Amino acid sequence: PSLVPAAQIAALMDGVRAAFELAPGAEVSMEANPQSAEAVKMDAWLDAGVNRLSLGVQSLDDAALRFLERAHDSREARSVMARARSAGFRSLSFDLIFAVPGLATSRWREVLDEALAFSPDHLSAYELTPEDGTRLGVDVEAGRTLLPDEDTRIEQYELADLRLRASGLSRYEVSNWARPGHRCRHNLTYWNGLPYAAAGAGAHAFMHSAAVPGWSRAAPAAAVSLRQWNVSSPAGYIAAARTGGHAVGGSEWLDLATTASDLMMMGLRLEEGCDLGRLDAVFPGLWTTVAEPLRRLVQQG
């Protein structure tokens, strides 16, 4: 999003305010890459109402950044981190990646400490994971790239948890740490199974069956929730929205068992786990659906 002209971000926020009643203190979060986060843009984002900035730093080690094929170097990343810290955002988050080939644990500690020196309110630390079909995935499969062994990956993850906790950021999800009051609200929406809308090309939505839009197809008798996604092509999205008022690319009704499985998968990422009482009130019968698998897991320790 940081590549978009600042005037378009302002226009987007005007559209959001026209369509929704924003709660006082609502989190307005934006992701930015270091090479496209100039000071003049940051000022414009703040004027538009953005109050939380997430910087895709990935690393402060130049060799790791080159391996990850990032367009910025560590000097540029540090400059943007300092600029964002002083700009006036209510909340500032950094993304970092560990278990990068060639990144020793001692150097990972230095990267963490350098990032923490900028006093982030939130930090995400993700393990480098090769995906099928990507160049990294192909290189790992062929043996051209060797990932760190499991002991090193665990060591670097545990080191992140130790250093971040010592700096006042507590882990609230598998890969996310935050200071009090700075947990990422939009991610918590997904992890807690709350409904969310889809705006933009390729965007996805999740809705409880009692509150789906009028243009959605009729729900089957056993359906309790709906996944919906928009047309993925920007040009196709714009054309569909102009002619039909929306740009739905497809949707899928989910029964209780599938909904429960998805909610457990997402909710168990959280330190607090799943609020089964709340979920059962929204999706009656969910507790009964998950009781037996949970009992077996408890028996297994």
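The model is predicted. Strand β3 is largely enclosed by the rest of the structure, because 8 of its 8 residues are buried. Helices α2 and α4 cross at roughly 30°.

- Strands of a sheet pair through backbone hydrogen bonds, and the pairing is either parallel or antiparallel.

**Strand β3**

- β3 covers residues 91-98.
- Both of its faces are covered. On one side, Ser-91, Ser-93, Asp-95 and Ile-97 are buried. On the other, Leu-92, Phe-94, Leu-96 and Phe-98 are buried.
- β3 runs parallel to β2 (residues 52-58), and 5 bridges join the two. Leu-53 stands opposite Leu-92 of β3.
- β3 also pairs with β4 (residues 122-127), in the parallel sense and over 6 bridges.
- Two residue pairs mark out the pairing with β4. Ser-93 stands opposite His-122. Leu-96 has Ala-125 as its bridge partner.

- The loop between α5 and β4 holds Ser-119. Ser-119 is not a glycine, yet its phi is positive, at about 55°.
- Ser-119 has 37% relative accessibility, so it counts as partly exposed.

- β4 and β6 run antiparallel and are joined by 3 bridges. Here His-122 stands opposite Ala-178 of β6.
- Glu-173 stands opposite Asn-176 of β6.

**Ala-178 in detail**

- Ala-178 is found in β6.
- Is Ala-178 buried or exposed? Its relative accessibility is 2%, so it counts as buried.
- Ala-178 touches Asp-121, His-122, Gly-168, Leu-169, Ser-170, Tyr-172 and Arg-183, leaving aside residues up to four places away in sequence.
- Ala-178 and Leu-123 are 55 residues apart in sequence. In space they are 6.4 Å apart, C-alpha to C-alpha.

**Gln-58 in β2**

- Gln-58 is found in strand β2.
- Its phi is near 70°, a positive value in a residue other than glycine.
- Gln-58 is buried, because its relative accessible area of 12% is under 20%.

**Helices α2 and α4**

- The axes of α2 (residues 39-48) and α4 (residues 74-87) come within 11 Å.
- Their crossing is right-handed.
- Which residues make the contact? From α2 they are Ala-39, Met-42 and Leu-46. From α4 they are Val-80, Arg-83, Ala-84 and Ala-87.
- By class, this contact has 6 nonpolar, no polar and 1 charged residues.

**Strands β7 and β8**

- β7 covers residues 204-208. It is largely enclosed by the rest of the structure, because 4 of its 5 residues are buried.
- β7 pairs with β8 (residues 223-230) in the antiparallel sense, over 5 bridges.
- Ala-205 stands opposite Gln-228 of β8.

Conventions:
Residues numbered from 1 in each chain as written. Predicted model: local features only at pLDDT ≥ 70, side-chain atom pairs only at ≥ 80, totals over all residues. Heavy atoms only, no water. Axes fitted to C-alpha atoms, helices over the stretch in contact; angles between N-to-C directions. Left-handed = near helix turned anticlockwise from the far one by under 90°. Contact = heavy atoms within 4.5 Å. Nonpolar A, V, L, I, M, F, W, Y, C, P; charged D, E, K, R; others polar. Buried < 20%, exposed > 50% of the residue type's maximum accessible area, 1.4 Å probe, protein only. Pairing = 2+ DSSP bridges.
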